[in-house]
Amino acid sequence: MTEQNTALWLRKRGAPFEVGPAPYTPPAANEVVVRARAIAVNPIDGIPGFLYRVVVPWLTFPAVVGSDVAGEVVEVGPGVTRLRPGDRVLGHAVGMEKSRNRAAEGAFQHYVVLMQHMVSPIPGSMSFEQAAVLPLTLSTAATGMFQQDHLGLAMPGPDPADRPETVLVWGGSTSVGSNAIQLARNAGYRVVATASPRNFDYLRSLGAAEVVDRRSRDAVREIVDRIGDSPLAGTLAIGSGSLVPAVAIASRTNGGKRVASAQPESVTRLRGPRARRRGVRVSGIWGGTLKDNEVGPAIYVDFLPAALASGAYRSAPEATVVGTGLARIPDALRRLRDGVSARKLVVTV
Ligand SMILES: NC(=O)c1ccc[n+]([C@@H]2O[C@H](COP(=O)([O-])OP(=O)(O)OC[C@H]3O[C@@H](n4cnc5c(N)ncnc54)[C@H](OP(=O)(O)O)[C@@H]3O)[C@@H](O)[C@H]2O)c1
């Protein structure tokens, strides 16, 4: 197959994004190529040049970054039987991961190479724009909740029985939090979550049983009260300042006393020793690690396709389309830096 590819390049560390021709890379074993129709942006895609040395020091340039893509499968590699050309899918593009580090696998281009077990078919009724909302933040929530080195919770599945344990999601209206709430509910846990009051109804619509204002001076006490005697199975700490209250709550409730943090690794490492003294184990999430263990296929192959089709899982939060074309991605990143609330910024391609 000879397709004309175009990518949004980062020619070197700190360089501005630049649209230009790119090679079409055919899929290797257990890979597929997807023609991107919508791409979403995440904070990591817009970090300033100097931070690349800290966050992704291995990344080689010229690079194509980006994690979230939805589109049509155009070609499948050897060993791929669950996907066919023409399938409408979403996928987590892992080109920025240390073990991949390959421009062909970045989301910011027309033809993206994806690992087949990080791809999920989407229902015909779901737009590509709405589907692109999910991948990285779904992966991040799933990594924190289900990997054994983090919370090690029970996996989600169809018709889960209600469990007696609670999961706390601090930062429930973030994209990561929106997924964490839904994953926990689909595994049968009761969910307590925080957000700003304007997002309380949104969190309830995702399945949170209790919602608390994250800015309330009494948030820790309120949450401890609402968890009550129910064992706390684990906490996902999302957003700056989330670790201090998350550790305080874990130390004051019954249960596993584990907190998985989506904060930068340096912040998580700083808080770790103090948390340990309070009997709480804090671990730092890297949202791409599930591609190398049982959690990736459990989510993208076994759980998500059926859950999206049945409506048990929503693509949330709501997509806001910033524009059309790869050249609009930098605008989306600028808007993301200004802040969003219960929204995901997406570009149509
Ligand atoms: N470790 C990883 O692999 C990984 C991967 C992806 C993302 N992340 C991190 O996870 C966090 C969330 O990312 P995202 O893309 O899901 O965010 P997002 O959707 O852009 O988050 C927007 C939401 O953040 C909430 N918020 C703002 N400040 C907060 C705070 N201090 N505490 C709790 N919530 C706060 C706001 O809630 P209200 O409007 O309700 O107040 C708003 O709804 C970011 O820090 C991101 O860098 C980490």
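This report describes selected strands, helices, loops and single residues of a predicted model.

## Basis of the description

The model is predicted, so local features are reported only at pLDDT of at least 70 and side-chain atom pairs only at pLDDT 80 or more, while totals for chains, interfaces and linings use all residues. Residues are numbered from 1 along each chain as its sequence is written, and side-chain values use heavy atoms, with hydrogens and water left out.

Helices (H or I, at least four residues) and strands (E, at least two) are DSSP runs numbered from the N terminus.

## The parallel sheet

Six strands make up an open sheet with parallel pairing, in the order E10-E9-E8-E11-E12-E13. Two strands count as paired if DSSP finds at least two bridges between them. The edges are taken by strand E10 (210-213) and strand E13 (281-284); each has a single partner strand, so one side of each has no neighbour in the sheet. On average, and with direction ignored, neighbouring strands of this sheet are turned by 20° against each other.

Within this sheet, strand E8 (residues 166-170) and strand E9 (residues 190-195) run parallel and are joined by four bridges. Leu-168 has Val-192 of E9 opposite to it.

Strand E3 (residues 31-40) is mostly covered, with nine of its 10 residues buried. Buried means under 20% relative accessible area, exposed over 50%, and partly exposed in between, for a 1.4 Å probe and protein chains only.

E3 pairs antiparallel with strand E4 (residues 68-76) through eight bridges. Glu-31 faces Met-115 of E6 in the pairing.

## Packing of H3 and H4

Helix H3 (residues 135-146) packs against helix H4 (residues 175-186) at an angle of about 50°, and their axes are 8 Å apart. Axes are lines fitted to C-alpha atoms, for helices over the stretch in contact, and angles run from 0 to 180 degrees between N-to-C directions. H3 and H4 are therefore oblique to each other; angles under 35 degrees count as roughly parallel, over 145 as roughly antiparallel, 65 to 115 as roughly perpendicular, and the rest as oblique. The crossing of the two helices is right-handed, the near helix being turned clockwise from the far one by less than a right angle.

On the H3 side, the contact (heavy atoms within 4.5 Å) is made by Thr-137, Leu-138, Thr-140, Ala-141, Ala-142, Met-145 and Phe-146. H4 contributes Ser-175, Val-176, Asn-179, Ala-180, Leu-183 and Ala-184. By class, the contact of H3 with H4 contains nine nonpolar and four polar residues, and no charged ones. Here Ala, Val, Leu, Ile, Met, Phe, Trp, Tyr, Cys and Pro count as nonpolar, Asp, Glu, Lys and Arg as charged, and the others, Gly among them, as polar.

His-150 is placed in the loop between H3 and E8 and counts as buried, at 5% relative accessibility. Apart from neighbours within four places in sequence, His-150 contacts Thr-143, Gly-144, Arg-258, Ala-260, Arg-281, Ser-283, Gly-284 and Ile-285.

Ala-319 belongs to strand E14 (residues 318-324). With residues up to four places away in sequence not counted, Ala-319 touches Glu-129, Gln-130, Val-133, Lys-344 and Val-346.

## Backbone exceptions

Most residues other than glycine have a negative phi, and most peptide bonds are trans. The peptide bond joining Phe-61 and Pro-62 is cis, with omega about 0°; Pro-62 is in the loop between helix H1 (49-55) and E4. Another cis peptide bond runs from Ala-316 to Pro-317, with omega near 5°, and Pro-317 is in the loop between helix H9 (295-310) and E14.

Lys-257, not a glycine, has a positive phi of about 55°. Lys-257 lies in the loop between helix H7 (243-251) and strand E12 (258-261) and counts as partly exposed at 22% relative accessibility. Ala-342 also has a positive phi, near 50°. Ala-342 lies in the loop between helix H10 (329-338) and E15 and is buried, with a relative accessible area of 11%.
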